[in-house]
Amino acid sequence: MTELENINPHVYRKCEDRRLTKDDENDDVVDPFDEREIFDLIRNINDPEHPLTLEELHVLEQSLIKVDNEKSTVKVLFTPTIPHCSMATLIGLSIRVKLLRALPPRFKVSVEINPGTHASENAVNKQLADKERVAAALENSHLIEVINQCIAVPME
């Protein structure tokens, strides 16, 4: 087993689940995607190193998500737990894959490191923005298996 980079991460409290309204459950009501809905889609992604979610580690925060329904764009900034996190690209890929699978294909999804929070943020952001590199990564059976474990829905 590999050695953990962040042996004792700070764990944060999860936010309350959003209460659904009658309109939320009515398929005839067109409601645009919002930041909270995107956050709810990705908040329970598992960290690759710890049995914790990205929300619990404050890697993901609703305030760092921007949605523009008119332009069909979703931008997610994430904050690695340590400045030299070697899992940053894997975490970014997990977020990207989860959103690409969950959102309508009209959306352009961008996932980037929160500026100033990682030593190699430019290199990681370049990888996550490169469609060919992302596609090649997702053809790697071992990598997609790890991503699928990260984005698996927890059994209740």
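**Cysteines and charged side chains**

Student: Is C150 buried or exposed?
Tutor: C150 has 4% relative accessibility, so it counts as buried. Buried means under 20% relative accessible area, exposed over 50% and partly exposed in between (1.4 Å probe, protein chains only). This is a predicted model, where local features need pLDDT of at least 70 and side-chain atom pairs pLDDT 80 or more, while totals for chains, interfaces and linings use all residues. Residues are numbered from 1 along each chain as its sequence is written, and side-chain values use heavy atoms, without hydrogens and water.

Student: Switching topic, how many salt bridges turn up?
Tutor: The whole structure has four, each a side-chain nitrogen of Lys or Arg within 4 Å of a carboxyl oxygen of Asp or Glu.

Student: Which residues form a network?
Tutor: Salt bridges link R36, D40, R43 and E55. R36 meets D40 at 2.8 Å, N to O. D40 also pairs with R43, at 3.2 Å between the closest N and O atoms, and E55 pairs with R43 at 2.9 Å.

Student: Are E55 and R43 buried or exposed?
Tutor: Both are buried. D40, at 24% relative accessibility, counts as partly exposed.

Student: What does R96 touch, beyond four places in sequence?
Tutor: V109, S110, V111, L128 and V134, with contact meaning heavy atoms within 4.5 Å.
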